[in-house]
Number of protein chains: 2
Amino acid sequence: MTSALAEFVVGVDNVIFSVDTDANRLLVLLVQRQHWPFAGEWSLPGTLVRHGESLEAAAYRTLAEKICVNNLYLEQLYTFGGPGRDPREADTAYGTRYLSVSYFALVRFADAQLIATGESRVQWFTVHSCPPLAFDHSMILAYGHRRLCNKLEYSPVAFDVLPEYFTLNDLYQLYSTVLGPNFSDYSNFRSRLLKLGILQDTQQKVIRGAGRPATLYRFDREAFAPLKDKPLVFV
Amino acid sequence: MTSALAEFVVGVDNVIFSVDTDANRLLVLLVQRQHWPFAGEWSLPGTLVRHGESLEAAAYRTLAEKICVNNLYLEQLYTFGGPGRDPREADTAYGTRYLSVSYFALVRFADAQLIATGESRVQWFTVHSCPPLAFDHSMILAYGHRRLCNKLEYSPVAFDVLPEYFTLNDLYQLYSTVLGPNFSDYSNFRSRLLKLGILQDTQQKVIRGAGRPATLYRFDREAFAPLKDKPLVFV
DNA sequence: ACAAAAGTGTTAGAAGTACACCCATGT
DNA sequence: ACATGGGTGTACTTCTAACACTTTTGT
């Protein structure tokens, strides 16, 4: 004897982070809702999954609708599917459920062009000063933020959003803006990273304003491959 | 212009682990399917989500239908929702999708009673010698196994499946059956755990066969509370 | 007496932490 | 010359891994 199955509409919501290293700000992309429910409020960019479309494809599509970006990291975050998380459920007598599979993304700030479609507003907010969000999106954001910190510490996501050639300082800025002020000091970060042997020293130097020229490095994917799934620590 | 939304049936599949420390075996619970598709093949225990039921509730229900257990740890694992993962999709012209939210559980082996309902078979398999699974369940199992190892190393899940009073050897057996042979040696494991200060030394001793009596410890939840979300290492 | 299980100690090396200091460039 | 950012070195502590050893029980 089985009771009635729930009917579902499945959506994807993205927590899209970006790091503005110049201004030392960790940003998250929010959109302002145009329609009921929560019209006028800010929320994570999301979409409903289409016929024949994979979840990940839906996540990429949402992302591509809001920003134009070439370099990013994306992975599934968590699925929120309890009853009562979307007011639209109440519409239908037998309450179709709105399930949200959330994805977490990190994109390169420099080449992320926001797409302004008509009157819908899309905007970066610093994570620590963003408005209360529609639905349960504040919770999703918090969850995503925790994941971002972990990912940065234990896997090489940073290299997905850095330019191909970067200085150790670029890398350090990225880490310290995300991980906050009580992050490791530069000198130790430096030696730890170099000791890992996954950074290729291109002999090139780059001069940015005053100061000694900085060495340009690149991420050495081949050297990293054997270290994959090993408990690497980048902290 | 939006294309057709996918329609979904949402299911929950559980990767239920248990550790038989006596026989040094890591076990996973499988059920033998009775009906099409994959009739006769083994799969993870799962269910479809009912009206008004949360995902987690569905996961608990599935678990309770197969085994009777009081002590367990359960958390969401991953969501698999691509098109084509369930042959039943092909039935309906407009292909209702079968989405699976997977959960991962660790249960206490000693008090886990398998529930044999009629002819449906439920059985423990050692993780390293289990049959090929229906659907994409082999992938889900692999994913769950990885998560189990991580959880054990970084969070105190072990104490959810150990009895309230346990010896350090009980704990060590649990860890080494899950984490395999090249796990830390007993002496180092011991001092690391004790140094964390989260084990309460009840002055009681227990004698099991020959050998010096072992001290009974209990997990000190209050002492652990402040260490929560800190990067603890139990390895 | 001896095996078996529990528990302690030691040591060499690696890794982490907090600094002080030197180097190359622009102004 | 000196401020600025890049880069090196060091002294100290803590962690890790491997292993030898002592203690308390049953037989």
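Apart from its neighbours within four places in sequence, A:Ser18 is in contact with A:Arg25, A:Leu26, A:Leu27, A:Leu106, A:Val107, A:Arg108, A:Phe109 and A:Trp124. The setting is a predicted model, in which A:Ser18 belongs to strand β1 of chain A, a strand that covers residues 8–20. With a relative accessible area of 0%, A:Ser18 is buried, and the side chain of A:Ser18 reaches the backbone nitrogen of A:Phe109 at 3.4 Å.

**The chain as a whole**

Chain A holds 6 helices and 11 strands, and the C-alpha trace of chain A spans about 70 × 45 × 35 Å along its principal axes. Of the 235 residues in chain A, 51% count as buried, and A:Ser18, at 0% relative accessible area, is one of the buried residues. When contacts with a separation of 6 or more are considered in chain A, residues 24 or more positions apart account for 67% of them. The accessible surface of chain A comes to about 11500 Å², and 51% of that surface belongs to carbon and sulfur atoms. As for charge, chain A carries 23 positive and 24 negative side chains, with the centres of the two sets lying 5 Å apart.

The same surface serves both copies, since 97% of the contact residues of chain A recur in chain B.

A:Ala6 lies in the segment before β1 of chain A and has partners in both chains: leaving aside neighbours within four places in sequence, A:Ala6 is in contact with A:Arg97, B:Val49, B:Arg50 and B:His51. Is A:Ala6 buried or exposed? A:Ala6 counts as buried, because its relative accessibility is 4%, which falls under the 20% cut-off. Computed along the chain, A:Ala6 and A:Ile140 are 134 residues apart, whereas their C-alpha atoms are 23 Å apart in space.

**Backbone geometry in the loops**

Most residues other than glycine have a negative phi, and most peptide bonds are trans. Against that background, the peptide bond from A:Trp36 to A:Pro37 is cis, with omega near -5°, and the bond from B:Trp36 to B:Pro37 is likewise cis, with omega near -5°. A:Pro37 is found in the loop between β2 (25–32) and β3 (42–43) of chain A, and B:Pro37 is found in the loop between β2 (25–32) and β3 (42–43) of chain B.

A:Phe38 is also placed in the loop between β2 and β3 of chain A. A:Phe38 has a positive phi of about 65° although it is not a glycine, and at 27% relative accessibility A:Phe38 counts as partly exposed. In chain B, B:Phe135 has a phi near 50°, again a positive value in a residue other than glycine. B:Phe135 sits in the loop between β9 (122–126) and α2 (137–154) of chain B, and, with a relative accessible area of 18%, B:Phe135 is buried.

**Two exposed positions in chain B**

B:Gln203 is found in strand β10 of chain B, and B:Gly211 has its place in the loop between β10 (199–206) and β11 (214–219). B:Gln203 is exposed, with a relative accessible area of 68%, and B:Gly211 is exposed as well, at 55%.

| Pair | Separation in sequence | C-alpha to C-alpha distance |
|---|---|---|
| B:Gln203 and B:Leu216 | 13 residues | 7.1 Å |
| B:Gly211 and B:Ser120 | 91 residues | 44 Å |
| A:Ala6 and A:Ile140 | 134 residues | 23 Å |

Technical notes: Residues numbered from 1 in each chain as written. Chains lettered and ligands numbered in written order. Predicted model: local features only at pLDDT ≥ 70, side-chain atom pairs only at ≥ 80, totals over all residues. Heavy atoms only, no water. Contact = heavy atoms within 4.5 Å. Helix = DSSP H or I, 4+ residues; strand = E, 2+ residues; numbered from the N terminus. Buried < 20%, exposed > 50% of the residue type's maximum accessible area, 1.4 Å probe, protein only. Areas by Shrake-Rupley, 256 points an atom, 1.4 Å probe, with all protein chains shown as cover. Lys, Arg positive; Asp, Glu negative; His and termini not counted. Charge placed at Lys NZ, Arg CZ, Asp CG, Glu CD. Polar contact = N/O pair within 3.5 Å; in protein donor to acceptor, adjacent residues only side chain to side chain.
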